[in-house]
Amino acid sequence: MPLILDSSPSPSPPPSVVEISPATIRRREHHESDVVIVGAGILGTSLAVTLARQNRSVILLEKSLKEPDRIVGELLQPGGVQALKKLGLGDCLEDIDAIQVKGYEVIYYGKEVEIPYPLNAAGDDYDREGGCFDGEKNDSITTDPGAKRPEGRSFHHGRFIQRLRAAAMKEENISLIESTVTGTIKDGWTGQVLGVEAEAKDGRKDVYFGQLTVLADGYASRFRKEFIAHAPVSKSKFYGLELIDADLPRRKHGHVVLGEGAPVLLYQIGTRETRALVDVPEGTPSASTANGGVKGHLRNVVLPSLPKCVQSSFERALDDGKLRSMPNSWLPPSTQQVPGMVLLGDAMNMRHPLTGGGMTVAFNDVVMLRDLLSPEKVPDLGDTARVRKQMRRFHWRRKNLTSVINILAQALYSLFAANDPQLKALQLGCFRYFQQGGQCVDGPVGLLAGIIRQPFVLFYHFFAVALLAIWLVIRQSPIYRLPLTLLSTVGIFWKACVVIFPFIFSELRS
């Protein structure tokens, strides 16, 4: 039998007096609901709660209700924190030993620059339609010294997920069921998805029906190939260690360490625990078997490049041997035209986790779907034509935020993992740009934080970095080499275009 978890009124009256709603009976006895959601992760669980609070009947399926143990999905940007509060789930960040995040510290060959989150000119509220901070798309930052700076949160991923699931279990309109979904059920004539097939832990097979089926089964989605044309592209992996009692250079900040290799991320996930994520591109020579594999790379290349105050805790964690990996994938968003089904979350759209934008995208997507699929706009989720129309609106309306986070993540990774002279020049230009302070910091980190939601602002700052990189190359070159230098600057500008424009075009594709 599958494990079915339903809420019940509290305090509970005697059994003879308990009233069970018709929708609950339909879910329990007939496995029928308004919505079937596959995946009780970040997006699936928050969407289930949101729809349930709109009086939709929801079946939420998850293959394992044990606390997840992952090395990503541990840092929520300020834009994600505010979306979570807007969904009424802000208390899920409590009692999990979450750490305040006030910005970033970028360390470039030992030199440090602080990048605090910018002062928020628009306050803490989002607009109803776009899920963004109030104001003119928030393309400006206040200079009021009394204004409050936004904060992110970092935490153990599994603890946060369990808090979200606990919130779902309190909702009368949700049945949370532990079962592995094995396939979709379709109408043989129209192709409409009617529900899913599933298998419980004891091997019993079952079916669940909904007017709308939401597939949100994560980065390793088993349904992606069936419903969208393009596959994720992964060119590197994050290798994760959990450091104990690490002494970070700047408290309550994420750290990005840049050197000869790919970037290293460091951020607290608990009072004593710090996550270290080391990006290792495919084919890295120092990570070959002959050089001791990935552990040899971490010990011989990464360890010496870290701040001295972190090295001892990093080495202890490496000696403990608890090294785990996660592919860093890129998957541009796409619309789906299959009636009765939508694909959401990492199953539909992924970006490099360098900027920690995944959960921010997910929660803001749910904020937007709450409006687009509200009972006022879509009274009947079985009206596939109306649902598909609203999902097309969703695809384009979300781009003010998601295109910024997607493009920024991929472009920034290209610079931070620089492996040729042109990218190295752009990497230096990026660091020098941050050193300028003011809008040279507030703009980029406002984009990263999910506060500034203007794609043109990203375009402006990226090419400002490129022009600064070109100026640095010209200034450092002897006058007699000027012709060759000018030629190399053309290469730098071309490389900047090669980096960013493919990601821009991927966002314009439907």
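**Exercise 1. Work out why helix 2 is largely enclosed by the rest of the structure.**

*Step 1.* Start with the count: 11 of the 11 residues of helix 2 (residues 42–52) are buried, so the helix is largely enclosed by the rest of the structure. Buried here means under 20% relative accessible area, with exposed over 50% and partly exposed in between (1.4 Å probe, protein chains only). Helices (H or I, at least four residues) and strands (E, at least two) are DSSP runs, numbered from the N terminus.

*Step 2.* Before going on, know what you're looking at: this is a predicted model, where local features need pLDDT of at least 70, side-chain atom pairs count only at pLDDT 80 or more, and totals for chains, interfaces and linings use all residues. Residues are numbered from 1 along each chain as its sequence is written, and side-chain values use heavy atoms, leaving out hydrogens and water.

*Step 3.* Find the neighbours. The buried residues of helix 2, among them Ile42, Leu47 and Ala52, pack against strand 2 (32–38), strand 3 (58–62), helix 4 (157–169), strand 9 (174–178), strand 12 (205–215) and helix 8 (358–372).

**Exercise 2. Is Ser329 buried or exposed, and which residues does Ser329 touch?**

*Step 1.* Locate Ser329 in strand 17 (residues 324–330).

*Step 2.* Check the accessibility: Ser329 has 9% relative accessibility, so Ser329 counts as buried.

*Step 3.* List the contacts (heavy atoms within 4.5 Å). Not counting residues up to four places away in sequence, Ser329 touches Pro232, Val233, Ser234, Met350, Arg351, His352 and Gln410.

**Exercise 3. What lines the largest cavity?**

*Step 1.* A volume is the space filled by probe spheres set on the points, which are joined across faces, edges and corners.

*Step 2.* There are 5 cavities of 30 Å³ or more, and the largest has a volume of about 300 Å³. Of its 22 lining residues, Leu408, Leu412, Cys430, Phe434 and Pro444 are the closest to the centre.

*Step 3.* Helix 10 gives the most to this lining, with 5 residues.

*Step 4.* Sort by class: the lining of the largest cavity has 20 nonpolar, 2 polar and no charged residues. Nonpolar covers Ala, Val, Leu, Ile, Met, Phe, Trp, Tyr, Cys and Pro; charged covers Asp, Glu, Lys and Arg; the others, Gly among them, are polar.

Note on methods. 1 Å grid on protein atoms, 1.4 Å probe; cavity = no way out; pocket = protein on both sides within 12 Å on 5 of 7 lines; lining within 4 Å.
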